[in-house]
Amino acid sequence: MLTPEQMSRLLIVASRDQMRPVIAELYRFHLFHIEDFVDQGSGDYEGFRIGTPLAGATEASGDLIKVRAMENVLSIHGEDVEPAGKQSPSEFRARIERELPGLESEVETLTGRRSKLETKAKEYEQKIAEIEPFSCIPLDLDLYRGYRNFTVFAGTVTREVSLAVPNETFGTKIKDRHFVVVITPNEHRGEVEKALQGAGFQSVPVPDETGVPQERIDFYTSQIAEAKKEIDEINRNLDAMKRDNTGFLAACEEVLKAEVERTEAPLRFATTNETFVAEGWVPAKSVAEVSGALEKATGGRIFVTEVPVDPEHDAVPVEYNNPRFARPTQMLMDIYSRPTYTEIDPTLMVSIVFPLFFGLILGDVGYGLVLLAMVFLLRRFLKGEEGQQLLTTLRNASISTIFFGLLFSEFLGFELPWKPILFSRHLNIGGEAGAAGPAIPELMIMAIWIGILHITLGRVLGMVNHARQDHGAHRMKAVLANFGWIAVMWGILVAIWSVFAMPYMPDLSKLPAIGAGVPLGVIVGVVLIALGLVLIARDAVLDIVEIPTILSHVLSYARIVAVGLSSVAIAMVINYMAIGLFIGPQLKNISIVGIIIIIAGVLVFIIGHLLNTALGILGGGLHSIRLHYVEFFTKFYKGGGIKYNPFGMKRRFTED
Amino acid sequence: MVDGNMTLEMVQASQMGMKALGAGIAVGLTGIATGMAEMGIGSAAVGATAENKDMFGLALLFTVIPETIVIFGLVVSLLLLF
């Protein structure tokens, strides 16, 4: 909790003939994060080389490429496939050898045939397009060529032309141009050419066909239809193949991927002619288990040792270590950045505070229920770990929304049968709310209090982080600088409190004044501010320019109220429009037109609230997470940890 | 604007109207300002995220920084109105 999983660095040395059992064992455990061996600049590893893949790597990766190509053709996505029970790998390998080549050649033949047909259909379409203009001219296509004494012009002109020389002309209109065919004796060719040029002539090639144009078009159309039919047939075959082989192919991919990863693992090890060395990370609690299993697998012909860890300079992979309910929030952390190995992991705090903020912003029983229903509905469709984590986070947020909805006494903008337990957010829109109106100042002060506490917590965590990570003189300075930030913020607060009395805040204005009539609180505040400034400046003078962010960051928490109120306002406006303006007046004396207006009112109600739910999720989610990312994390959190990515995989289709 | 015939109620109503106008202007102008500021950052952020997906967190952070402006506007308008 609050710190990442403790990691140990393992060094594994064995002779090369033990490589296969060692890799198999590490892969099965799915715990060993391999630190890749790099050939250059590795001082301790002089004389070592990068290993060579185990036998069978080429075949396995070749097969994997084929399987993926087939999955691509059949549009199968491994993650979306529901596994139907696990199979034993040896049996499955035999099945791969038996069935894969046949399946592959079948798919290849079908797709090859399909692409040939598609090209053919395209070709015919092209031909039809070429013949099309000639279809309106009453001439057979073979009559356009083969003359010794005549010249044939075919093309389009922008306007009609009349020729003064002997000729035979056919014309038709295509879109905004005229299509003409002119046949003229060779001796008049020049004049005709000139006249046509004057009319913007653009030559159209005569298709290399014989017979009546329309007949040729009909012929090609029927050919295309035939090709399409055949393509449909092939697609049906491919669909059938997809139905029959989805599970098989997804399992194939898994088995082959595992095989490729295993056989290529030596590429990440350091080797000599006779031995190999693998370095990597294992969670500290699993060290004994892993090394014991390795000893057993190799019959003791292996050397496994724990190397001391230097958390500052080693690239320690980071695995979260959170209680179950906080785990989904890790997704929100990964979006920002994974914590480094030495710093505090705030996932637990985010997992508690994020739903609270969300609930405070949305705070409506109706919207909470809609959101909850949506989460349970989406759970069926959204596969994949990240999606599920997001939904779980949203579920917590919606439960919190319902809780705060009860406190705010809100249901889709209406008031529940009790007065708001927490401050009222009911606006005076359409006379719906009671005379009390919203308790804006109180809500604001609540938000400010949340901000003050959240930011103070952030600064305290900053002190802890600096105490853990820094060394020497800088360590104390950095810790004190963070304390200085707290001092300035609270100094400003104390000074304000001793001048103005505010509801729900300590009232220090009654304290006795000392000196020249200056209240005691102001003096304490000023001293705190001065102390804080000195402490901040001692660490980094330039940070002084950041002082105004204290104000802006605390005030930024006002968005909890502001965004929430805007959502309440929209909900109340929708209710007023739908019920007050559309439905209510019509219910008094019902008529045909009235019923239509009532239906319109119901539509306004549904669409409006759907829209407001979407806005509420966006507003509640984005603003809550933003308060964490911008206002909270900037006080202490750096991130940039390396993801713990253990060697191996979670098997879904096959047994280990 | 002001003449001798105005009653106290009229003056109060006019003041309410002015407050509402002020609140509207506060939210509206700060909203425009935030939009303008986020325009440049947002497009750069989308570009950066398209290049490198890991940038998303940081990109979102940068994009929402100017939002503080409109929140201030909203706070001012709420204080004006209530």
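Which residue is the bridge partner of A:Ile174 in strand 6 of chain A? In this predicted model, that partner is A:Arg177.

**The sheet of chain A**

Strand 5 and strand 6 (residues 177-185) of chain A run antiparallel and are joined by seven bridges. They belong to an open sheet of four strands, arranged in the order 5-6-4-7 with antiparallel pairing. Strand 5 (168-174) and strand 7 (202-203) of chain A each have a single partner strand, so one side of each edge strand is left without a neighbour in the sheet. Helix 4 (residues 189-198) of chain A lies across strand 4 (150-157) and strand 6, and runs at about 0 degrees to strand 4.

Two packed helices are described by the angle between their axes and the distance between the axes.

| Helix pair (chain A) | Axis angle | Axis distance |
|---|---|---|
| Helix 1 (residues 19-29) and helix 6 (residues 287-298) | roughly 145 degrees | within 9 Å |
| Helix 9 (residues 365-381) and helix 16 | about 85 degrees | 11 Å |

Helix 1 contributes A:Pro21, A:Val22, A:Glu25 and A:Phe29 to the contact, while helix 6 contributes A:Val290, A:Ala293, A:Leu294, A:Ala297 and A:Thr298. By class, these residues comprise seven nonpolar, one polar and one charged.

Helix 9 and helix 16 of chain A pack at an angle of about 85 degrees, which means that helix 9 is roughly perpendicular to helix 16. Their contact is formed by A:Tyr367, A:Val370 and A:Leu371 on helix 9 and by A:Thr613, A:Gly616 and A:Ile617 on helix 16. Four of these residues are nonpolar, two are polar and none is charged.

**Domains of chain A**

The domain assignment divides chain A into domain 1 (7-79 + 252-318), domain 2 (324-442 + 558-635) and domain 3 (450-556). Between the C-alpha centres of domain 1 and domain 3 of chain A the distance is 51 Å.

**Contact between chain A and chain B**

The contact involves 15 residues of chain A and 13 residues of chain B. On the chain A side, the elements giving two or more residues are helix 7 (330-336), helix 11 (440-469), helix 14 (548-556), helix 15 (559-588) and helix 16 (592-632). The chain A residues that touch chain B comprise ten nonpolar, three polar and two charged.

Methods:
Residues numbered from 1 in each chain as written. Chains lettered and ligands numbered in written order. Predicted model: local features only at pLDDT ≥ 70, side-chain atom pairs only at ≥ 80, totals over all residues. Axes fitted to C-alpha atoms, helices over the stretch in contact; angles between N-to-C directions. Contact = placed C-beta atoms within 7 Å. Nonpolar A, V, L, I, M, F, W, Y, C, P; charged D, E, K, R; others polar. Domains from an automatic or database assignment. Parallel < 35°, antiparallel > 145°, perpendicular 65-115°, else oblique. Pairing = 2+ DSSP bridges.
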